[in-house]
Amino acid sequence: MKRPTTRQRIGPRTLFRSLAWLRICAIAGQSSAVLVCALWMHLDIPLLPLMVGIGILAVFAVFAAWRLAQPWPIRQWETILHVGVDTLVLGYLLHFTGGASNPFITLLLIPIALSAAALPVSAVLAVAALVGLAYLVLLFWYVPLPVPVEAATAGSFSLHVLGMGVNFLIMAVLLGFFINRLARAVRMQEFEVQRVRERALRDEGILAIATQAAGAAHELNTPLATMRTLLPEIRREHAGDAPLADDLALLEGQVDRCRTILREMVAFGKAQLSQVPEQITLASFIHGCLERFQLLRPEAELELRMDEADARTLLRTPRGLRHALINLLNNAVDASALNGSQAVELTAHCDQGWLELIVRDYGPGFTATGELAVLGQSHKQTGLGIGLALAEATAERLEGELTTDNTGNGAQMSLRLPLAVIAAP
């Protein structure tokens, strides 16, 4: 199950990027309109002032592109400033081409529409006030748009209607495209918020389980110590009963195994508190995990694939990574058992700055609709149902990802971790 990787967010930077593209379109459209009116329609318009205004906008577009490439955060006031510059340049061009009587006067509404989709109300009001002031000035202070002789004899209204038609087409295209971009950013932000909320709920559940596990480990130590003391005495009392002695020996071994697990839990908690990762080669880490896994699941038929070059990679492995890999292997064995198999494959390799641990099973695989709609919820009849959730939490904590795929003959789970986080320098 792969998640979308888009991180687009609504806000000043998104609007800043949209304005940069819109500014390039405006420069091309304004240049074409001025040249058509002056050279093809032979209108007596002030060509030099208009080209100077378009040139100023082009220089500002270059500056805006440079600013967008910088790593500094884009502030709200910067976005409002850029909207103001675009509005002033458009007002300057309209001043020399008829002012408010120009059919393209409605282009002043575009800054308000874009600001309303990405900025708070106060910023939208500031932009609206600036646009309203520009419109008010253009009502009384402008250079009349000259009308060609042909249009004067046929009626200048037809030329105005043609301009309104072109303006409507431009408005429809610009608003449809850029508003759609901003709306898509809103949807992606809502998706990200929902994902963070689900992650917080999952982490709360894991924390509650960890708290209960710590209390249970403390309480289990006493009864385990009692059983470890009584089992050898019972074996001595019934030394002549061979079947019973074998069963008691098995129970004693299971008690020792429980005590070992509790000691490892305590050691794991201390290591987490110290935040000191374990430095170990990839080969040693993998083989250590497999030794522990074989003790837990001796019936598993495990096949390991790892290149010698990758095996020498030195890692700073956090304690949780070992448990995450063992959980994946344990789930793979359970999945293979559903098809009457015990085979499991583990592939470990480094590729383009990533460590990828792929666990493959030979079970029924995931359904077409996604059997694991939420990682960590499985259909196993045994177990606590938190193994995958813990593995996913470990992957996210290490800035990696956990994905699932069908292979045609089972399924595989891929744990991808960036070497920049887990590799030793």
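**Exercise 1.** Work out which residues of helix α9 are exposed, which are buried, and how the buried ones are arranged.

*Solution.* Begin with E291 and L295: both are exposed (over 50% relative accessible area, with buried meaning under 20% and partly exposed in between, for a 1.4 Å probe and protein chains only). This is a predicted model, in which local features need pLDDT of at least 70, side-chain atom pairs count only at pLDDT 80 or more, and totals for chains, interfaces and linings use all residues. Residues are numbered from 1 along each chain as its sequence is written, and side-chain values use heavy atoms, without hydrogens and water.

Next, list the buried residues of α9: L282, A283, F285, I286, C289, L290 and F293. They cover an arc of only 160° around the axis (taken from the directions from the helix axis to the C-beta atoms), so they sit on the same side of α9. E291 and L295 are on the other side.

**Exercise 2.** Check the span of α9 (residues 282-296).

*Solution.* Helices are DSSP runs of H or I with at least four residues, and strands are runs of E with at least two, numbered from the N terminus. The expected span is 1.5 Å times one less than the number of residues. For the 15 residues of α9 this gives 21 Å, and the end C-alpha atoms are 21 Å apart, so the two agree.
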